[in-house]
Amino acid sequence: MPNKISNIYTCSNCDAQFSKWSGRCLECGAWSSLQMKTVELKKLKDQEIKVTPAEIIKFANIKAESSARLKTNIDEVDRVLGGGIMPGSIILISGEPGIGKSTIVAQIANAIAAGIDKSVIYVSGEESAGQIKERFNRLKINCQNLNFINEVNIEKTIAAAEQIKPALIIIDSIQTVYTSQIDSEPGSLNQIRGSASKLMELAKNHNPAVILVGHVTKDGLIAGPKSLEHIVDTVIYLETDNAKHFKILRATKNRFGSVNELGIFAMTGSGFKEVKNPGAIFLDMHRENLSGSILSSAMEGTRTFLIEIQALVTRTIFGYPQRKASGFDLNRLQILTAVLSKRTDINSSQKNINLANHDIILNVVGGLRVNDPALDLAVCLAITSSLLNQKMNNKTIALGEVGLGGEVRNVSKLDQRLKEAEKLGLATAIIPSAEIKTKKIKTIKVKNLSEAISLLLK
Ligand code: TYD
Ligand code: MG
């Protein structure tokens with residue numbers, strides 16, 4: 001019996017397949033990208049499947065690979081990467097246009113090329129050699145082992161890399177390169193994936209580390225680099241705090257290190273400069289006592305950052321009460337609001353926490369996005385303080401996770417957080433009842449929300 005023949009329409013941008021033609025791809029939205037292909041639908045039953053079985057190796061006979069990492073000696077970069085760049089690994093650096101990706105990779109390239117016997121290839125399809133040289137001059141980069149390729153064909157780049165065997169290849173950006181084996185525009189999903197897999201082959205065979213630069217918009221709309229995230233070893237985002245004072249390097253995936261580390265930089269006239277002691281950079285140490293504002297600390301990786309939590313609670317004028325959060329998880333805010341309404345019982349003062357007719361706006365000052373349960377207590381206190389219009393001391397820090405029963409629970413690294421608060425001159429800490437070693441800062445231990453709130457009313 002002959003095999004059935006069928007027509008399918010394949011999108012040249014994203015490889016989606018359809019049974020009917022249309023002017024626009026329903027998956028990626030590209031226009032006029034559907035092309036007809038004829039395929040034979042073979043019956044599996046009729047075929048004889050012959051495979052050679054894969055080789056089975058005993059783990060006992062496998063030697064662990066441990067190659068020395070390439071250190072950039074820029075501490076903030078090395079920390080985010082988990083101690084340096086792993087040879088043979090693929091790193092994706094994403095960020096919005098103009099955020100400083102080309103600048104940071106140029107500085108990384110320079111740092112690696114300064115090592116003995118380490119050459120680096122910088123591939124750019126975006127800017128001309130002259131423009132890049134201009135940036136290098138600005139960054140005071142003058143390194144003999146730094147090579148440049150102004151080419152967008154990835155096969156040519158790979159052939160060149162096979163000749164000089166660099167320690168690091170930088171592709172700025174993955175959206176501008178293309179492989180001649182795939183028949184679609186540079187920047188399309190197919191080309192991005194195709195070029196990346198070519199580079200992965202190179203990394204596997206010759207062991208250079210590869211850094212891919214990818215442009216993404218804030219909402220991740222340009223899906224190209226996003227589609228690479230599961231293929232590459234490390235994904236790093238370069239972003240800025242809301243106040244736009246600092247650039248933050250953040251690993252969201254790392255096969256060779258932890259993912260919570262932040263690298264913090266200031267952009268200067270001559271490139272990125274590390275911010276060495278960033279414990280209080282998001283904080284204004286000279287603020288006044290305000291209602292609705294309290295300090296807390298968030299752990300990002302191994303470091304603590306002191307931050308100010310602000311809440312504004314106002315009467316709802318019309319409709320449902322609003323809950324808004326900036327820098328904090330909105331769901332978490334809603335949970336904490338419910339706990340505050342249900343689990344606080346301050347009979348002695350005849351005041352109830354009733355948030356049913358109030359709008360709540362919560363803000364993490366300084367623009368850091370935080371996600372740390374230790375902030376719960378500070379959020380609850382800020383909301384209550386604003387609701388009751390009770391000013392809080394500007395030298396007080398609150399730490400503690402709040403459970404659904406209104407109980408205040410212990411948090412990770414409590415001692416480390418208290419030490420940092422002490423170092424920055426804070427006087428009092430409201431904390432869960434747990435063992436602590438720190439002696440200098442005055443601590444007030446609270447078991448539940450009611451106890452914490454009664455401190456406000458004193
Ligand atoms: P760039 O690295 O080109 O951003 P991206 O590659 O992410 O698009 O640089 C972005 C901005 O940084 C640009 O507006 C100029 C500025 N800049 C400095 O402030 N100082 C410097 O030393 C350099 C090189 C750039
Ligand atoms: Mg650039």
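Glu 127 and Arg 135 form a salt bridge, with their closest N and O atoms 2.8 Å apart. A salt bridge here is a side-chain nitrogen of Lys or Arg within 4 Å of a carboxyl oxygen of Asp or Glu. Both partners are buried, Glu 127 with a relative accessible area of 18% and Arg 135 also at 18%. Buried stands for under 20% relative accessible area, exposed for over 50%, and partly exposed for values in between (1.4 Å probe, protein chains only).

This is a predicted model, in which local features need pLDDT of at least 70 and side-chain atom pairs count only at pLDDT 80 or more, while totals for chains, interfaces and linings use all residues. Residues are numbered from 1 along each chain as its sequence is written, and side-chain values use heavy atoms, with hydrogens and water left out.

Another salt bridge joins Arg 417 to Asp 372, the closest N and O atoms being 3.0 Å apart. This pair links distant parts of the chain, 45 residues apart: Arg 417 belongs to helix 9 (residues 414-423), and Asp 372 to the loop between strand 17 (358-364) and helix 8 (376-388). Helices (H or I, at least four residues) and strands (E, at least two) are DSSP runs, numbered from the N terminus. Arg 417 is buried at 1% relative accessibility, and Asp 372 is buried at 9%.

Helix 9 also holds Lys 423 and Glu 420, three residues apart, about one turn of the helix. Their closest N and O atoms are 3.6 Å apart in a salt bridge. Lys 423 is exposed at 63% relative accessibility, whereas Glu 420 is buried at 15%.

Elsewhere, salt bridges that share partners join Glu 76, Arg 79, Glu 261 and Arg 303 into one network. The structure holds 13 salt bridges.

Notes. Chains lettered and ligands numbered in written order.
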